[in-house]
Each structure stands twice: as C-alpha cells, then as structure tokens.
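This report covers a sheet, its helices and a ligand site. Please look at the model first.

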Amino acid sequence: MAIKLFNSQTSMFCEKVRMVFALKKVPYEVIDVRADERKSLLEYTNQRKVPTLNYNGECVIDSTVISARLEKDYPQNSIYPEGAANKGLCLALEDWSDEVLIHANHAMRRADNPEAKQKAQAEWDSHFKTLDQMYAGKKFIFDKLTLADISIFSQLHYLYTAVKYDVPAEYKNVHAFLDNLRRTLKLNSLADSFDAPSL
Ligand SMILES: N[C@@H](CCC(=O)N[C@@H](CS)C(=O)NCC(=O)O)C(=O)O
C-alpha cells in the first residue's frame with residue numbers, strides 16, 4: 001500500500017512535509033484536496049486540516065507528527081541534528097516557527113487597513129531581527145539542514161509567495177538563508193513551491 005499525502009500546494013505545512021519526504025527520498029502519492037473541496041479528506045479523517053497522511057492505512061495528521069513518524073520509520077538523512085540537546089532545540093524552533101511565525105503570516109494576510117498592516121509589519125520586524133541573528137554567519141541553524149530550517153523556510157516562503165510581502169533588504173542574513181535554501185532545494189526561483197520527489 002502506498003503512502004498518500006492529502007496535500008494543498010499552497011499550504012506551508014504541506015510544503016514542510018514534502019521537503020521531509022524529499023530529504024528522506026520516501027515515495028508517496030499526492031491527493032490534491034482542492035480538487036474535490038476536501039470531500040475525500042473529510043470522508044477519510046472527519047476533519048479538514050492538511051497535511052494528513054494515509055500512512056499505509058493508518059491516518060496521521062499534523063506536520064510535526066508526520067515528520068517525527070517519517071524520521072522513526074525512515075531514519076536515513078535525519079531531519080534532526082546530532083545529540084539530545086540540539087534535537088530539543090531543533091524541536092523548540094520547529095514549534096516556534098509553526099506556532100509563532102504562522103501567527104505573523106496570518107496577521108499580515110488579514111491586514112486590511114493601514115493600522116493592522118503597521119502592526120503586522122512590526123510583528124514581522126521583530127521576527128526578522130531574531131532570524132537575522134540566528135543565521136548570522138551560518139548556512140543552517142545546526143551543522144546541516146534540519147527540520148528547524150525547513151519549518152522556518154516554509155513560513156517565509158508563504159510570506160513572500162502567498163502573502164506577497166517581501167523580506168526587507170536590510171535583513172541580509174535572512175536573504176542569504178533564503179538563497180541558500182533555494183539552491184539546496186534546487187528551486188529555480190524563490191517563488192516556486194517545493195514539490196521535488198527527492199533531494
Ligand atoms: N499544526 C498543523 C497546522 C495545519 C494547518 O493549519 N493546515 C491548514 C493549511 S496551512 C489547513 O488545512 N486549514 C484548513 C482548515 O483549518 O479548515 C500542522 O503542523 O500540520
């Protein structure tokens with residue numbers, strides 16, 4: 001039985017999971033939830049969120065849970081850094097990205113007046129400052145590409161593709177990180193959504 005990913009091409013959490021599949025070179029089939037307005041997803045899982053896997057007959061929901069499960073069953077090309085302390089830090093950064101950066105993305109996307117836009121920009125500025133320090137002199141947060149970088153990239157990618165808000169030029173380390181990820185993921189341009197089967 002194949003692994004099936006209920007996928008939306010524009011979802012940042014789906015993109016994150018597609019990167020994990022590709023890094024580990026695990027084959028999977030894609031079910032585009034937009035094709036039937038999530039009817040088959042709802043029938044299978046009784047909920048609307050993607051990414052969701054039909055994992056050889058077992059239902060697995062949530063990008064963090066899916067990533068951890070793929071790591072357990074396909075340990076090659078680990079998505080975590082070496083050592084317990086670094087792994088803990090990596091998981092904390094994954095969570096920060098998934099829960100905090102997503103909030104800034106939603107705020108920016110929903111900002112429909114100058115005041116809301118200014119507030120959303122201030123929120124992102126504070127995160128850009130943090131990210132710019134995190135990536136100072138570094139290609140990746142740890143000594144290789146990990147789930148922390150993947151989660152952060154998927155949120156930034158959504159910001160400038162779907163929300164259409166460019167990372168200000170002053171955040172040079174964030175730009176260097178994005179350029180590096182574009183090359184690592186073999187994206188032709190930063191506007192491309194990642195969907196390669198392997199890395
Ligand atoms: N924490 C979840 C978040 C998943 C999520 O929010 N998915 C969005 C797409 S980006 C979704 O499917 N929303 C549809 C809905 O809630 O109805 C994860 O990491 O997978």
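## Ligand site

A polar contact is a pair of N or O atoms within 3.5 Å; within protein, one must be able to donate a hydrogen and the other to accept it, and residues adjacent in sequence count only if both atoms are side-chain atoms. The model is predicted: local features need pLDDT of at least 70, side-chain atom pairs count only at pLDDT 80 or more, and totals for chains, interfaces and linings use all residues. Residues are numbered from 1 along each chain as its sequence is written, and side-chain values use heavy atoms, with hydrogens and water left out.

Arg-38 places a polar side-chain atom 3.1 Å from an oxygen atom of the ligand. The side chain of Arg-48 has an N or O atom 3.1 Å from a ligand oxygen atom. Asp-62 has a polar side-chain atom 3.0 Å from a nitrogen atom of the ligand. The residues around the ligand include Ser-11, Met-12, Phe-13, Lys-49, Val-50, Pro-51 and Ser-63 (a heavy atom within 4 Å of the molecule).

## The sheet

Four strands form an open sheet with mixed pairing, in the order E2-E1-E3-E4. Strands (E, at least two residues) and helices (H or I, at least four) are DSSP runs, numbered from the N terminus. Two strands pair if DSSP finds at least two bridges between them. E2 (29-32) and E4 (58-61) stand at the edges with a single partner strand each, so one side of each has no neighbour in the sheet. From one strand to the next, the twist averages 25°.

E1 (residues 3-7) pairs with E2 in the parallel sense, over four bridges. Asn-7 stands opposite Asp-32 in E2. E3 and E4 pair in the antiparallel sense, also over four bridges. Here Leu-53 stands opposite Val-60 in E4. Two residues separate E3 and E4 in a hairpin, and Asn-56 in the turn has a positive phi of about 55°.

## Helices on the sheet

H1 packs on the sheet and touches E1 and E3 (52-55), its direction making about 155° with that of E1. Contact means heavy atoms within 4.5 Å. Axes are lines fitted to C-alpha atoms, for helices over the stretch in contact, and angles run from 0 to 180 degrees between N-to-C directions. H3 lies across E3 and E4 and runs at about 125° to E4.

The axes of H1 (residues 12-24) and H3 (residues 63-73) come within 10 Å and cross at roughly 5°. That makes H1 roughly parallel to H3 (angles under 35 degrees; over 145 is roughly antiparallel, 65 to 115 roughly perpendicular and the rest oblique). Among the contact residues are Phe-13, Val-17 and Phe-21 of H1 and Ile-66 and Leu-70 of H3. By class, this contact has six nonpolar, three polar and three charged residues. Ala, Val, Leu, Ile, Met, Phe, Trp, Tyr, Cys and Pro count as nonpolar, Asp, Glu, Lys and Arg as charged, and the others, Gly among them, as polar.

## The H6/H7 pair

H6 (residues 147-161) and H7 (residues 172-184) pack at about 100°, with axes 11 Å apart. H6 and H7 are therefore roughly perpendicular to each other. Their contact includes Ile-152, Phe-153 and Leu-156 of H6 and Phe-177 and Leu-181 of H7. Eight of the contact residues are nonpolar, none polar and one charged.

## Backbone features

Val-50 and Pro-51 are joined by a cis peptide bond, with omega about 5°. Pro-51 lies in the loop between H2 (39-45) and E3. Lys-25, in the loop between H1 and E2, has a positive phi of about 55° although it is not a glycine.
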